[in-house]
Amino acid sequence: MCVSPNTVYSLNAFKKIPIANIDKVTLEFGIKVGGEAGIPYVTKGTAESNLKVTVECSFPDQLEKQTQQS
């Protein structure tokens, strides 16, 4: 798993929303690897990974005023 392309893709998705300002981006990822060894050539391995991206956005005051007037 490569983190950089996922992060860039996620941020670009929010940049396509012209009315939102990206205030904060939090990236959390984890990797868990385990293995068991037995007799030669008989082993067991496991791997897990996760990725969590949290994006906090705000909207300009002008947009809020236009929404209230409509």
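User: Leaving aside neighbours within four places in sequence, which residues is Ile 31 in contact with?

Analyst: In this predicted model, Ile 31 touches Glu 48 and Ser 49 once its neighbours within four places in sequence are set aside.

User: And Ala 47, how far from Ile 31 are the C-alpha atoms?

Analyst: The C-alpha atoms of Ile 31 and Ala 47 are separated by 7.4 Å, and the two residues are 16 residues apart along the chain.

User: Is Ile 31 buried or exposed?

Analyst: Ile 31 counts as exposed, because its relative accessibility is 64% and the cut-off for exposed is over 50%.

User: What share of the protein is buried, then?

Analyst: Buried residues make up 3% of the 70 residues. The protein exposes about 6200 Å², with 54% of that supplied by carbon and sulfur atoms.

User: Back to Ile 31: which strand is it in?

Analyst: Ile 31 lies in strand E1, which covers residues 21-37. E1 is joined to strand E2 (residues 43-58) by 16 bridges, and the two run antiparallel. Within this pairing, Leu 27 stands opposite Val 53 in E2.

User: How many residues are between E1 and E2?

Analyst: Five residues lie between E1 and E2, which form a hairpin. In the turn, Tyr 41 has a positive phi of about 70°.

User: Of the contacts with a separation of 6 or more, what percentage comes from residues 24 or more positions apart?

Analyst: Such residues account for 58% of those contacts.

Technical notes. Residues numbered from 1 in each chain as written. Predicted model: local features only at pLDDT ≥ 70, side-chain atom pairs only at ≥ 80, totals over all residues. Heavy atoms only, no water. Helix = DSSP H or I, 4+ residues; strand = E, 2+ residues; numbered from the N terminus. Buried < 20%, exposed > 50% of the residue type's maximum accessible area, 1.4 Å probe, protein only. Contact = heavy atoms within 4.5 Å. Areas by Shrake-Rupley, 256 points an atom, 1.4 Å probe, with all protein chains shown as cover. Pairing = 2+ DSSP bridges.
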